[in-house]
Amino acid sequence: MSGNSARVRAAVEEIADEMRKRDDRGTVADYIPELSRVDPAQFGIAVIDEAGEIAAAGDCDIPFSVQSITKVFTLTLALGMVGDRLWQRVGREPSGSPFNSIVQLENERGIPRNPFINAGAIAVTDLILSGHQPREALGEILRFVQFLADDPTIHIDKAVAASEQRTGFRNRALANYMRSFGVIDNPVDFTLGVYFHHCAIAMSCRQLAMAGRFLAHGGIHPNTGRSVVHPERARRINALMLTCGHYDGSGDFAYRVGLPGKSGVGGGILAIAPGKATIAVWAPGLDAAGNSHLGRIALEKLTKRLGWSIFGA
């Protein structure tokens, strides 16, 4: 193990130990019944550095519902399919509103503010679905994530998907509203079926950190040396993660952590230290903006100790 890897491992283990001892754990998402059953005492972290060395601690191998983190992968897939035509349907600006807001969508005539709020991710999913059956589109998304993580065992948690379908009334409203403006092309039930299921992909911190590595390495899949996306596109995906990846908590995350990141209401966060590492944390309790409370604190501590903020050490 290199000296740098030993330093990362020591920081990861210390932070995991600190997080285990904290009482302020946030509140698990309860609007998706299946997520409300998750034990908030869990915490996991995994870091994969530029050499492929893995430092992991805590509950880093327990699969959890990654939820909105899959929006990074569906965005990447959709850009590969339609290129910059995607931006005719979805904006690139921070929302400043809750992730499931319909007010903003109404004000902006059905064009979602960015691809990481629910409306934007539904529009991206609709583009991936076009020309496919829902099962085919979902299979393509899952295979893409498995390819990125180099792990064919990654799967969809069907109980979580069913729970989302039973309770996804706000998402149905968003999708129907966008359909009325021609932003959604496919039958709403088909698009939402794919959306609910890809949000229910289950991954561990270790798997999630693996899946994000191409964004830390200029769009190259480190295990194969193959290009996943052009370096410029990788930079732009990272830019969107920095400005929009934590809903209306994105500015605070950039201020405190200083890395591109994407959260999910399952309590996970994927963060990218360009050229250095990928980091995945999981703590199910959320803050008021719907982001992992301890996950953000852990990432802030890690970037401070290692000097990994993109804004300087």
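Two strands are taken to pair if DSSP finds at least two bridges between them, strands (E, at least two residues) and helices (H or I, at least four) being DSSP runs numbered from the N terminus. The structure is a predicted model, in which local features need pLDDT of at least 70 and side-chain atom pairs count only at pLDDT 80 or more, whereas totals for chains, interfaces and linings use all residues. Residues are numbered from 1 along each chain as its sequence is written, and side-chain values use heavy atoms, with hydrogens and water left out.

Strand S1 (residues 44-49) and strand S2 (residues 54-58) run antiparallel and are joined by five bridges.

Several residues of H5 are buried, among them Leu 138, Ile 141, Leu 142, Phe 144 and Val 145, where buried means under 20% relative accessible area, exposed over 50%, and partly exposed in between (1.4 Å probe, protein chains only). H5 is followed by Asp 150, whose phi is positive, near 55 degrees.

A search of the whole structure finds 15 salt bridges, each defined as a side-chain nitrogen of Lys or Arg within 4 Å of a carboxyl oxygen of Asp or Glu. In one of them, the side chains of Arg 305 and Glu 14 meet at 2.8 Å, N to O. This pair links distant parts of the chain, with Arg 305 in helix H13 (residues 293-306) and Glu 14 in helix H1 (residues 3-21), 291 residues apart. Arg 305 is partly exposed at 34% relative accessibility, and Glu 14 is likewise partly exposed, at 45%. Both residues belong to a network of salt bridges that links Glu 14, Glu 18, Lys 301 and Arg 305.

Asp 126 forms a salt bridge with Arg 89, the closest N and O atoms being 3.4 Å apart. Because Asp 126 lies in helix H4 (residues 118-129) and Arg 89 in the loop between helix H2 (70-82) and helix H3 (103-107), the pair ties together parts that are 37 residues apart in sequence. Asp 126 is buried, at 0% relative accessibility.
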